[in-house]
Amino acid sequence: MKTVFINCSPKKRFCASAYFLFLQRLFTGGKKVTEKLRTPADFDHILKQFDGAQAVVFALPLYVDSIPSHVLRFLEKAEAYCKENNLKLSVYCIANNGFIEGRQNEPLMQGFEHFCTRAGLAWGGGVGIGGGVMLNVTRILFGVDIALLVLNTVLSAVQTGNFFPKGAWISFAQNAALLLYFNAGVLVYLARLGSCIRKRSFGGKKYTRILIPSFLFILFADIFFIIISLFEGGLFRGWLQKKQPT
Ligand SMILES: Cc1cc2nc3c(=O)[nH]c(=O)nc-3n(C[C@H](O)[C@H](O)[C@H](O)COP(=O)(O)O)c2cc1C
């Protein structure tokens, strides 16, 4: 069975959609093809991959409570292509959004359901994920955690000859467990979706989010965006900058 995974984030790198697609691929068997949909130049070669495929998985961000416009253009073209070539694909969707509630992806999911009806494809359902940006950051934190463990192990081996620094391993395990907990809802629902993709069955729409209390999410998000703003154009993206007359 061939499954086409499409990362629909317009970002060149480090997008949350790529992270969720990576996890989804772990839970899906058979032949896997991954494509990136960023501009209309990508449309044709992605549609070619539909030939001989049984399932397509779209991973995309929520934009203004809906489907990003470049994905809408692609769906219009895909509708015509699937009808012309009489394709019978099962379609699945992994949507993520910046705010905390995954349920905000419901209108986007409905868009995909309508696309399937119009194109004569089987809607398989999907997962809507809230706090996508923050979940994406957890993968960096995990990488930092591994790097610290390696560094501590090397230092301990050089200084004392001990290749198993217990304190460093305990700290690594605690941090990893916390990050795993934050991602637990996503992992459960993506594993479930993987089982549906393998069977080409209908999984329905499921919504989850980063598993932290909302008041903490707001606090972390505020700190995160102030730091990002400072790096990308000054505080509040240059709102306080003196404006040049145009
Ligand atoms: C133009 C634009 C519109 C957005 N609209 C929403 C929105 O309506 N609701 C929301 O929760 N997040 C919104 N976001 C945040 C994205 O959904 C969020 O950053 C997502 O994690 C990006 O996924 P990606 O990294 O895979 O591109 C928007 C982001 C952009 C750039």
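## Strand β3 and its neighbours

In this predicted model, Phe 58 stands opposite Cys 93 of strand β4. The two strands concerned, β3 and β4 (residues 90–97), run parallel and are joined by seven bridges. Between them the chain passes from β3 through helix α3 (residues 69–84) to β4, and the β-α-β crossover made in this way is right-handed.

Strand β3 also pairs with strand β1 (residues 2–7), again in the parallel sense, over five bridges. Within this pairing, Val 4 has Val 56 of β3 as its bridge partner.

## Burial of β3

Strand β3 (residues 55–61) is mostly covered, seven of its seven residues being buried. The cover extends to both faces: Ala 55, Val 57, Ala 59 and Pro 61 are buried on one side, while Val 56, Phe 58 and Leu 60 are buried on the other.

## Aromatic contacts

With ring centres required to lie within 6.5 Å, the count of aromatic pairs comes to nine. For Tyr 19 and Phe 20 the ring centres are 5.3 Å apart and the planes stand at 45 degrees, so this pair is tilted. Tyr 19 and Phe 20 are both buried.

A charge is also placed over a ring: the charged end of Arg 25 sits over the ring of Phe 5, at 5.7 Å from the centre of that ring.

Methods:
Residues numbered from 1 in each chain as written. Predicted model: local features only at pLDDT ≥ 70, side-chain atom pairs only at ≥ 80, totals over all residues. Heavy atoms only, no water. Phe/Tyr/Trp six-rings, centres within 6.5 Å; stacked < 30°, edge-to-face > 60°. Buried < 20%, exposed > 50% of the residue type's maximum accessible area, 1.4 Å probe, protein only. Lys NZ or Arg CZ within 6 Å of the ring centre and 35° of its normal. Helix = DSSP H or I, 4+ residues; strand = E, 2+ residues; numbered from the N terminus. Pairing = 2+ DSSP bridges. Right-handed = clockwise from strand over helix to strand, strands pointing away.
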